[in-house]
Amino acid sequence: MARLAILGSRGIPAKYGAFEVAAERIGRGLLEKGWDVTVFCPHYQAYRDESYEGLTLRYVWHPPGGAGSLCYDGLSLLLASVARFDAILMFGYGAGPLFAIPRLFGVPIVVNTDGLEWKRSKWSWPVKVYFKLAERVTARIANRLISDAHGISRYYKERYGVDSEYIAYGTELPDMPKFDVRQLGVEPGQYYVVVMRLEPENSILEIVRGFLASRSSRALILVGPSTPFFDNMVRPLLDGQNRVRYVGPIYERERVFALRQNAFAYVHGHTVGGTNPSLLEAMASESFVIAKDVEFNREVVGELGRYFDCAEDLTRVLHDVELLDPGTIEAAGRAGRAVIEKAFQWQHVIDSYERVVARAIADR
C-alpha cells in the first residue's frame, strides 16, 4: 500500500477554495483505490479529529500572513519527508525553493502548478519576483508537474522546457436546486451572478463598471469574501444604487449552486489562475457564461458563451446577450453541462492523479 502525503491546502473538510476541495476529493478517491493518504492541515482549523472519512489528518503550525504560509508549507514538507512517505502531492508552488527538502530525503514530489501566481496584481513587486523564482525552481526540482489548463502546460514547456501533465479540475453535477433564491431577494432569471475572490485580477472592477454602464433591468449579485481592493475600489461604486448587490461569502454549496442555476447568466472575470472551479460549477449548473477573454476560459467555454475584454466591452456584451432568444440561452446552458459531464468529472481526475503519482514513485 503506497503512502501519500497531500500538502498545500488549508485543510479538510473543505471550507475554502479549490485546493481544499481537490485535496479532499482526490484523497478520498485514492483511499478507495487502496492508498494510505494523509492530508496535512493548519493547526488552527476548527475540525480537529485525527481522521476524516478514512483520511489521516496531520496538523502543522501555521503562523499568520504570507510568511506564515511559507513556514507552514516548509514544516509540512520537512515532516512528510522525515516520515518517509512514498510520495508528496503538493498543491501550489509558493514554497518552490523548499521542494529541495523531499528531494534530499529521496521522496518524490508531484506539484500542481495552479496558475501564474506572479501575474496577480494584488502582489507587490518583491512578492512577484519571489513567485517567479519559485516557479522557476519548481520547474527544475519537482519530479512531476500537473497543470489544470492546457495553456499552463504549454507555458511550462515553452518557458522552461519541461512537461506538465494536463489534468483537469473536477466538479460535481448538481441536482435541481432545493434552495429558493427568493430568500436572497432575487427573482429567478432576473439577475446576473458573480462568484469569486474579489481581487483585481478577477476583473471585479471592470465587471461592476461595465454592468452599471449598461441599461439592463436585471440585478448583478456579487458573491465572495471581501478584500481590501474590493472595499477601496468597488464598494464606493455600490453606494446610492440598487442594481448591484453584494451579499458577501456563501459557503453553503447548495445555495451557491441554486444562485447559478437560477441566474440569467454567470459572469466570470478570472484571468491568471488556469481552469477555475467556479467556472466549471457554473457550467455544471447550466448557466449561460459571459467570461473574460483569456485562453484559460476559452479552453473550457469554447463557443458556448460570450467574452469581454474590458468594462466597455462587457456593457456591449450584456446588451447583445439580453437580445438573444431564451431558447438559445437554455441550449447553451445544457451544452455546457454536457461538456462538464464529459471532461471534468472527479473519477477521471482521480485516475489521472493516481497514474502520475505512481509513475513518480516508480521512477525515483
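The report below covers the nonpolar cores, the aromatic pairs and the charges over rings.

## Basis of the model

This is a predicted model, in which local features need pLDDT of at least 70 and side-chain atom pairs count only at pLDDT 80 or more, while totals for chains, interfaces and linings use all residues. Residues are numbered from 1 along each chain as its sequence is written, and side-chain values use heavy atoms, with hydrogens and water left out.

## Nonpolar cores

A nonpolar core is a set of buried Ala, Val, Leu, Ile, Met, Phe, Trp, Tyr and Cys residues joined through side-chain atoms within 4.5 Å, where buried means under 20% relative accessible area (1.4 Å probe, protein chains only). The largest such core has 59 residues, and I26, F91, Y191 and V193 touch the most other members. Helix α13 (residues 346–362) gives the most to this core, with eight residues; helices are DSSP runs of H or I with at least four residues, and strands are runs of E with at least two, numbered from the N terminus. Apart from it lies another core of 31 residues, including M90 and Y160.

## Aromatic pairs

There are 13 aromatic pairs in the structure, a pair being rings of Phe, Tyr and Trp (its six-membered ring) with centres within 6.5 Å, called stacked under 30 degrees between planes, edge-to-face over 60 and tilted for the rest. F19 and F91 form a tilted pair, 5.3 Å centre to centre with 40 degrees between the planes, and this pair links helix α1 (residues 18–32) with strand β5 (residues 87–91), F19 and F91 being 72 residues apart. Both F19 and F91 are buried.

## Charge over a ring

R298 lies over the face of Y307, at 3.9 Å from the ring centre, the criterion being NZ of Lys or CZ of Arg within 6 Å of the ring centre and within 35 degrees of the ring normal.

Conventions
Buried means under 20% relative accessible area, exposed over 50%, partly exposed in between (1.4 Å probe, protein chains only).
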